[in-house]
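Thanks for coming. I will go through one model today, element by element, and I will give the cut-offs as we reach them.

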Amino acid sequence: MGVNYHEYLREKMMPHIWCSGCTHGIVTKALIRAIDKAKLDKNKVVVVSGIGCASRMPGYLDFNTLHTTHGRALAFATGVKLANPDLHLIVVSGDGDAVAIGGNHFIHACNRNIDMTLVVLNNNIYGMTGGQRSPTTYEGDISSTSVYGSIGSPVDVVNLALGAGATFVARTTSYHVQQLESYIYSGIVHKGFSVIDAVSACYTAYGRRNKQRYKSSVDMLNYMKNNSVNISAAREKNPDELKGKIIVGIFRDSIEPEYCEEYSKMVNKIKSR
Amino acid sequence: MADIRFIQGNEACALGAIYAGCRFFAGYPITPSSEIAEMLSEELPLVDGAFIQMEDEIAAMAAVIGGSLAGKKSMTATSGPGMSLKLENLGYACITEIPCVIVNVQRGGPSTGLPTSPAQADIMQARWGTHGDHPIIAVCPSSVSEMFTETVRAFNLAEMFRTPVIVLSDEIIGHMREKIVIPEEGEIPIVNRKKPKVSPEEYKPFKGEEDYVPPMAAFGEGYRYHVTGLSHNEEGFPIQSGELVHQMNVRMHNKIYKNLDKILKNEVYMCDDAEVIIFAIGGSARSSKGAIRHLREEGIKAGLFRPLTIWPFPEDELRRVCSKAKNVLVVEMNLGQIVFEVERVLGCTGVRVDGLFDSSGEPFTPLSVANRVKEIIKR
Ligand SMILES: Cc1ncc(C[n+]2csc(CCOP(=O)(O)OP(=O)(O)O)c2C)c(N)n1
Ligand code: SF4
């Protein structure tokens, strides 16, 4: 049986603000399927976001939803979770939201290993504000603030998460919808901080300016399809062969002490003294 | 037996928070406020509360809002540089009407300024620091006891009006040690936020009741509503209609400005026959009180008007108290901020308004205040 999306959407909020061809909707549907599969009580789910096109998602979802300030979603979510650890926290962010303005919060949320799931809708651009360069814009690509080509190599969300200590880290794309659902599901059921780098497509503000690669938003999905390399296959290849490729897969899945549990253990210990 | 202690203002603030029902604190260390975080890191676990040190003040303010939405009375504490960072999400708490308490133990500025010395230079920042039209409540303790009681009052006001409340203290009050009698349980009434009485289908999280304040459900209680920093309708969803946006802003303004009788609080000291009235808050009010005693001994009729709620500004009461005075002297540890507000209010009453300003980081001596009073009445 398929998922009844109606059950999870605030349909009176439709139509949504996303452009046709935007793949943030694909990620939204994968998230809904993952939540459904995890059988979470809707009343106990809190979806938090920052600011940007991606961050508009919670408004369309029938949960407790918190649309915060640019980059700060993880910090708000940390407060909610610590104040009531029974709640299931899911954070959705754009790439700018997550690793530019929210970079500090990203690092410390990974390091704290607090039980929540972050889905980065990584479209390599600032969509909402009209296509300015983001930290994940590919080198040489055109954006409205890198009209002669973006300088420097992009931030790798997965490497950043691994380096900062997130205990579940995965990446896939909006093309790989089943894998996307499965990784988000794994992130949700994982006890600890999980990061899913969900590669998304923004033709309006990004693809359109980079016609050498994309003539349409479908091209952007095809690009994801043709250039994704699974992590196990990637291990066999040298760095040159992996240039411009999207490495997908689960990069880490480990169990480490979780922040709220450690806090509650500490409380029990001092109270029994 | 009464619980009598000899403690620091910051410690009294932490104890007041626990007394008021605070069960969540998120902060980032900064002098001269750190003792509040330190003490709460020790006290909160003992009452099943949560404490977290965040990566910066932006995150701390965000976490506090999250904690409050999850149903816990929440607080953060900081000083100048940290207060500047809190402002972003303070505005978010204003527009989303999240009860919470922000303590600013003021130090010298601008920027890193004088980390270990007092100042009162964030008074206007407290009022207007975050962008956009927004009402705010700020309370000003003037003793260790008041660090306790004003923190309790700040929580009560935050809960009553679904709003952030600033405790605007200063390094003098935060770091001084004084005797304090800890109030017994029940001695100070504790206010808890209104909860919705309707079903989730009928609940409008941003629809004010007669007092303009909307009831607030906690996340997880089954109400599943949306919270956004965008201008929103009564259901909490973003709107574009200018008329509705204006209505929302006006209701939020009314929530504070039509409930002034519940918010304002002043100390009026020896003002009945006073010819000169000193206007001062926090640490400066203490030196001013000392000055008034000297002046009275010399036969000069001086009094003190000390707002414990500085925002909203006590316009009517200030006008009433000063109606028979000839002079008002505003004493503040900055280069002149609240004096303009006093001038605005007393502008056409015929009372002459002067100031005594200092940004050296040294508290005023009673003598320096008394001398300034003598100077202005001689003219
Ligand atoms: C403090 C702050 N700075 C800047 C902005 C303007 N702004 C809104 S969305 C955005 C970028 C969004 O890009 P991203 O997070 O990648 O999400 P997308 O829109 O691409 O989904 C910016 C810079 C803001 N809202 N707040
Ligand atoms: S601008 Fe880009 S990210 Fe935003 S809705 Fe349109 S396609 Fe999606």
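A polar contact here is a pair of N or O atoms within 3.5 Å; within protein, one must be able to donate a hydrogen and the other to accept it, and residues adjacent in sequence count only if both atoms are side-chain atoms. This is a predicted model, in which local features need pLDDT of at least 70 and side-chain atom pairs count only at pLDDT 80 or more, while totals for chains, interfaces and linings use all residues. Residues are numbered from 1 along each chain as its sequence is written, chains are lettered from A and ligands numbered from 1 in the order in which they are written, and side-chain values use heavy atoms, with hydrogens and water left out.

Start with helix α5 of chain A, residues 157–164. Helices are DSSP runs of H or I with at least four residues, strands are runs of E with at least two, and both are numbered from the N terminus. At the start of α5(A), a side-chain oxygen of D156(A) comes within 2.9 Å of the backbone nitrogen of V158(A). After the helix comes G165(A), with a positive phi near 105°.

Which residues of α5 in chain A are buried? They are V157(A), V158(A), A161(A), L162(A) and A164(A). Buried means under 20% relative accessible area, exposed means over 50%, and partly exposed is in between, with a 1.4 Å probe and protein chains only. The buried residues of α5(A) pack against α3 (95–100), α4, β4 (116–122), β7 (168–173), β8 (193–199) and β10 (246–253) of chain A.

R112(A) counts as buried because its relative accessibility is 12%. The side chain of R112(A) makes a polar contact of 2.6 Å with the side chain of E55(B). Leaving aside neighbours within four places in sequence, R112(A) is in contact with T78(A) and Y259(A), and across in chain B with I52(B), Q53(B), M54(B) and E55(B).

Now the cysteines. How many disulfides does the structure hold over all chains? The count is 0, where a disulfide is a pair of cysteine sulfur atoms within 2.5 Å. For C110(A), the nearest cysteine sulfur belongs to C260(A) and is 15 Å away. C110(A) is buried, because its relative accessibility is 0%. C22(A), at 21% relative accessibility, counts as partly exposed.

Next, the ligand. Ligand 1 lies between chains A and B. There are 18 residues around ligand 1, and those that come nearest are C53(A), A54(A), G96(A), D97(A) and G127(A). A residue is near a molecule or strand if one of its heavy atoms lies within 4 Å of it. A polar backbone atom of A54(A) is 2.9 Å from an oxygen atom of ligand 1, and a backbone N or O atom of G96(A) is 2.9 Å from an oxygen atom of ligand 1. From the side chain of N123(A), an N or O atom is 3.1 Å from an oxygen atom of the ligand.

G25(A) lies in helix α1, residues 24–38 of chain A. At a relative accessible area of 25%, G25(A) is partly exposed.

Over to chain B and helix α13, residues 366–378. This helix has 13 residues and reaches 18 Å from its first C-alpha to its last, close to the 18 Å expected at 1.5 Å a residue; the expected span is 1.5 Å times one less than the number of residues. The buried residues of α13(B) are V369(B), A370(B), R372(B), V373(B) and I376(B). Seen down the helix axis, they fall within an arc of 160°, so they line one face of α13(B). That arc is taken over the directions from the helix axis to the C-beta atoms. On the other side, L367(B) and K378(B) are exposed. The buried residues of α13(B) pack against β12 (276–279), α10 (282–297), β15 (327–332) and β16 (352–357) of chain B.

Last, a loop position. V47(B) sits in the loop between α2 (34–43) and β3 (50–53) of chain B. V47(B) is partly exposed, at 29% relative accessibility. Not counting residues up to four places away in sequence, V47(B) touches I18(B) and R23(B).

Conventions: Contact means heavy atoms within 4.5 Å.
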